[in-house]
Amino acid sequence: MANSGKKVCFITGGSGKLGAEIALAVAGQGYSIFFTWQHSEEKAKETLEKIRWVSPESQMVRCDVSKVEKIEQAFETFSSHFDRLDLLITSASNFYRTTLLEVTETDWDNLVDTNLKGTFFTMQAAARLMLKQPFMSQIITMTDISANMVWRNYAPYTVSKSGIQHLTKIFARETAPKILVNSIAPGAISAYPTRAEEPEANLIEKIPLERFGDPMEIVGTVRFLMESEYITGQVINVDGGRLLY
Ligand SMILES: NC(=O)c1ccc[n+]([C@@H]2O[C@H](COP(=O)([O-])OP(=O)(O)OC[C@H]3O[C@@H](n4cnc5c(N)ncnc54)[C@H](OP(=O)(O)O)[C@@H]3O)[C@@H](O)[C@H]2O)c1
């Protein structure tokens, strides 16, 4: 097996802005990385090249997480390369504005199938592997503080993230004590200024810490959870205090 005893992390959405930074950071912690991408081939190749400087056996695969069959194929490819799964991070996500009265079935499916259904079936496939292993493993889901807010014009997205937060608790309870399951809910992160600005006007005025978050602050939270063996079923909001308003 390619990992020869090293710990292994499976991450969806490794071609994303935060997803790529997280994958690189976990490789830096001594893990072999297996990540998925869907449309951004160039970004995926660039990310894999960087990861392989520290973790040469790492792999990537194209996978549409809104299709259960594709998730199963990705896990088959994963198992052909790696013989253990220590950490799953579900970062793949679709995000766009949808006006409430004009949400179409296609919008709903694009957002909810990728974010909620994709996360569920990825967690299920990972848990099937993890529960057979003689050691504790971890799942970290990526959600959004909007799961706890009432944003206008983002119903399918915010509902999907809210659903993932609930799934996080369900998996934490049902897979304990073998798997620790937690979620990171970023607020407005500077890697993605349009995302930070669009859903709410004058956003920075509503952030008690008076600035957007840095991607490295999300990476730091991933590292914190990786080192924490007595935390499960929690959602960590990394939002500069935005939810205090
Ligand atoms: N960045 C922020 O400010 C912020 C704020 C709140 C929450 N979050 C959450 O943090 C996580 C990471 O964010 P990010 O900045 O990396 O997001 P991003 O840059 O938008 O990347 C999204 C990722 O999801 C993948 N993806 C989208 N649709 C997919 C599908 N159907 N099948 C498989 N993969 C798919 C994309 O792959 P391709 O590009 O290859 O298609 C990409 O890797 C996400 O869950 C996001 O919701 C981020």
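Me: Where is Asn 153 found?
Reply: Asn 153 is found in the loop between S5 and H5. Keep in mind that this is a predicted model.

Me: What is the phi of Asn 153?
Reply: Asn 153 has a positive phi of about 70 degrees, although it is not a glycine.

Me: Which other residue has a positive phi although it is not a glycine?
Reply: Glu 210 is one, with a phi of about 60 degrees. Look for Glu 210 in the loop between helix H6 (193-197) and helix H7 (215-227). Glu 210 counts as exposed because it has 10 C-beta neighbours inside 10 Å.

Me: Is the peptide bond from Ala 176 to Pro 177 cis or trans?
Reply: Read omega for that bond. From Ala 176 to Pro 177, omega is near 0 degrees and the bond is cis. Pro 177 belongs to the loop between H5 and S6.

Me: How do I check the span of helix H5?
Reply: Compare an expected span with the distance between the end C-alpha atoms. H5 covers residues 155-175, which is 21 residues, and at 1.5 Å a residue it should span 30 Å. The end C-alpha atoms of H5 are 30 Å apart, so the two values agree.

Me: Which residues of H5 are buried, and what covers them?
Reply: The buried residues of H5 are Pro 156, Tyr 157, Thr 158, Ser 160, Lys 161, Ile 164, Leu 167, Thr 168 and Phe 171. The cover over them includes helix H4 (105-130) and the strands S5 (137-142), S6 (179-186) and S7 (235-238).

Me: How do I read the two sides of a strand?
Reply: Side chains in a regular strand alternate between the two faces of the sheet. In S1 (residues 8-12), Val 8, Phe 10 and Thr 12 point one way, while Cys 9 and Ile 11 point the other way, and all are buried. Strand S4 (residues 87-90) also has both faces covered: Leu 87 and Ile 89 are buried on one side, Leu 88 and Thr 90 on the other.

Me: Which strands are joined to S1?
Reply: Follow the bridges. Four of them join S1 to S4, and these two run parallel. Phe 10 has Leu 88 in S4 as its bridge partner. Another four bridges join S1 to S2, again parallel. For Ile 11, the bridge partner in S2 is Phe 35. From S1 the chain passes through H1 to S2, a β-α-β crossover that is right-handed.

Me: What joins S4 to S5?
Reply: Four bridges do, and the strands run parallel. In S5, Ile 140 is the bridge partner of Ile 89. The chain goes from S4 through H4 to S5, and this β-α-β crossover is right-handed.

Me: Which residues come nearest to the ligand?
Reply: Take the residues around the ligand and look for the nearest. Here there are 30, and Gly 13, Gly 16, His 39, Ser 93 and Ile 189 come nearest. Helix H1 (17-28) and strand S2 (32-37) are the elements that give two or more residues to this shell. H1 has the largest share, three residues.

Notes. Residues numbered from 1 in each chain as written. Predicted model: local features only at pLDDT ≥ 70, side-chain atom pairs only at ≥ 80, totals over all residues. Near = placed C-beta within 6 Å. Expected span 1.5 Å × (residues − 1). Buried ≥ 20, exposed ≤ 12 C-beta atoms within 10 Å, placed from the backbone. Contact = placed C-beta atoms within 7 Å. Pairing = 2+ DSSP bridges. Right-handed = clockwise from strand over helix to strand, strands pointing away.
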